[in-house]
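Thank you all for making time this morning.

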Amino acid sequence: MAEDSVEHLSLRGANDATEQQWQEAVAAVLRKSGRLGEDDDASLAPAKLTKQTTDGIAIAPLAGTDVAQSLAGGPAGADAVRGRPQPQREPGDVPTWDLRVHVVDANDSATAELEGGASSVWVTTRPGAVADLRKALEGVLLDVAPVVLDSADPLADGATLVELAGGKLNEASNLGIDPTGERLLTGSASDVDLAAAATLATENGIRAFVIDASIVHDAGAGEVLELAYAAAAGVDLLRRLDEAGVAVSDAARLLEFRLAATDQQFTTIAKLRAARAIWARICQVLDVDDDVQRQHVVTSGRMMTQFDPFTNLLRTTIATFAAAVGGADAITVQAYDAALGTTDEFGRRMSRNVSNLLVHEAHIGQVTDPAGGAGSMEQLTDDLARAAWAKFTEIEQAGLDSFVDGQLVDELEQAIARRTEAIARRKQAITGVSEFPQTDEQLLDRAPAYSRFNAGGLIKPVHDADGFERLRHNPADKPVFLWPIGSLAASTARQSFAANLLAAGGVPVVTGTAGGGFEAIKAQYDESGSPVVCLVGSDSGYRDEGAALVEQLRAAGVPRVIVAGKPVAELDGVVDDHMAVGQNVLEFLDRTRSALEENR
């Protein structure tokens, strides 16, 4: 084979690139964009690209293998962090994860889901969900397909499951008992006999318990609190089982953890790896050999939107990819229209196919821990694990029950406030809602769906898009008039920015004809019936024409004038308001809508 063939091409140049060279290259780009001064040192460039989670954890843009090597000896470098190794496979077998579907509707068929590509089912048998477990599992090969329960009476449903299987249940099946999660969701403590549950599960070679941290995620928790809660609830359950006479080493084998995956792929990957690091350390302290945390990952309900719901397919695909790369044992993909209500066959099929395509087309399951060894990912894993361990220690000192009764709600509110601020400033964009909204969109009509959150529960669910969707559900009656300054070329950029931002808040716009004289555009404004004018143009146009135009508009009786972009000096104190990158958009939209309402 020739030496210059594709197989021998190097992805490196003649020499390895150094970090300093990378910094210089990045600095050159940042200087062109104005984000770095001409005289600023190139070493400042990485900080400009460093992002932070809403918990304040830094996500570095680049870190070398030396960082990964330095962390290898710590808890986040343990073998357990990598997840379970790939089992021996026959030639032609495709490595995959457990594609788990959630059956909550009495009309859903678990058999149809399994025949459509799912590999296990998670069945909720509670008021408002599946009423007949026998009917729901009719035709399911229970020795092949794992079944995970979410039941108000798990021992009774567990006995039914064992009976249906003839004692031959798949080992990944789970009775789904979650004492702390039950209390969070219903407000009442679980009265399940934990020893009896452990015995039933052990005798049938299955698991008995789920630590469902996705509950606190959907109530607003960030990654650190979700990880800390999972660890605290897991340790609390081990204590309860120990008091009930179940050895810790035996109890640990009966647990599965449920975590959420979002479209923030790097934090999701690192979170799952950090969760295993934390649990491995706990197992080390407790002298438990089986230290690899079993993870069932559910795509986030909190990130789902009601408007532009098909964009949720992108979110769930990214989240599923991140969950798989992060080493999830089982993944449940929520339907694209989950935020609207009960999905249909198309929604269920698309949810299954997200995993199926990633497995069979993208081959994501081919490699164990593909993120391992990447300096940035190892650092983020370690940072999350250490921050979560500190929070876990706080919960341990207070006691889990005391934390749940008091501090948890306060911490959720703080996390929600931080995230709401980031979303309001569009630092965390929600495509189709806070960015690039569809104007005049008609929401899909869906029947109300089952919610696991109970009116009497200690916490309630939130959605990241709540602030914007609140406005979209109640659109403004009158438009904002976009008054172009200068030519079409000079005004188009700010015009598009303003129209997009206002549409995100349910505010329609009418745009004047660029290049027209004052009287011509004023006639268009009068016809629009708008009480608010927004100037759209370039900074030079604002400087040259802005102040005089505002004076004309005031004389013509326009009650409110705003400007797209930060006001230049000539407009500072002259206009009533402005819209710009980085400001709290929700506050601006509320002010603008109030002005539209007041000037009907």
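Let me begin with a term: pLDDT is the predictor's confidence in each residue, on a scale from 0 to 100, and contact here means heavy atoms within 4.5 Å. Over residues 1-9 the pLDDT stays under 50, and for that stretch the model has five contacts beyond four places in sequence. The protein chain as a whole averages a pLDDT of 92, with 96% of the residues scoring at least 70.

Two remarks on the source, before the details. This is a predicted model, in which local features need pLDDT of at least 70 and side-chain atom pairs count only at pLDDT 80 or more, while totals for chains, interfaces and linings use all residues. Residues are numbered from 1 along each chain as its sequence is written, and side-chain values use heavy atoms, with hydrogens and water left out.

Now to the helices. Two packed helices are described by the angle between their axes and the distance between the axes. The helices (H or I, at least four residues) and strands (E, at least two) are DSSP runs, numbered from the N terminus. The axes are lines fitted to C-alpha atoms, for helices over the stretch in contact, and the angles run from 0 to 180 degrees between N-to-C directions. Angles under 35 degrees count as roughly parallel, over 145 as roughly antiparallel, 65 to 115 as roughly perpendicular, and the rest as oblique. A crossing is left-handed if the near helix is turned anticlockwise from the far one by less than a right angle, and right-handed if clockwise.

Please look at H6, residues 154-165, and H8, residues 194-203, whose axes come within 11 Å and cross at roughly 15°. That makes H6 roughly parallel to H8, and the crossing of these two helices is left-handed. On the H6 side the contact involves Leu155, Gly158, Ala159 and Val162, which meet Ala196, Ala197 and Leu200 of H8. Sorted by class, this contact of H6 with H8 has six nonpolar residues, one polar and no charged, where Ala, Val, Leu, Ile, Met, Phe, Trp, Tyr, Cys and Pro count as nonpolar, Asp, Glu, Lys and Arg as charged, and the others, Gly among them, as polar.

The next pair is H12, residues 265-285, with H13, residues 312-325, and here the axes come within 8 Å and cross at roughly 30°. By class, the contact of H12 with H13 has seven nonpolar, two polar and no charged residues.

H10 passes H15 in a right-handed crossing. Among the residues of H10 in this contact are Glu223, Leu227, Tyr229 and Arg239, and H15 contributes residues including Lys391, Phe392 and Glu396. The contact of H10 with H15 divides into 13 nonpolar, no polar and four charged residues.

I will finish with single residues, for which buried means under 20% relative accessible area, exposed over 50%, and partly exposed in between (1.4 Å probe, protein chains only).

Alanine 68 is found in H3, residues 65-71, and counts as buried at 12% relative accessibility. Although alanine 68 and glycine 375 are 307 residues apart in sequence, their C-alpha atoms are 4.7 Å apart in space. Leaving aside residues up to four places away in sequence, alanine 68 touches Gly373, Gly375 and Glu378.

Leucine 36, in the loop between H1 (19-33) and H2 (45-49), is buried, with a relative accessible area of 4%. Its contacts beyond four places in sequence include Ala27, Leu30 and Leu44.

Lastly, aspartate 287 lies in the loop between H12 and strand E9 (295-299), and its phi is near 60°, a positive value in a residue other than glycine. Aspartate 287 is exposed, with a relative accessible area of 64%.
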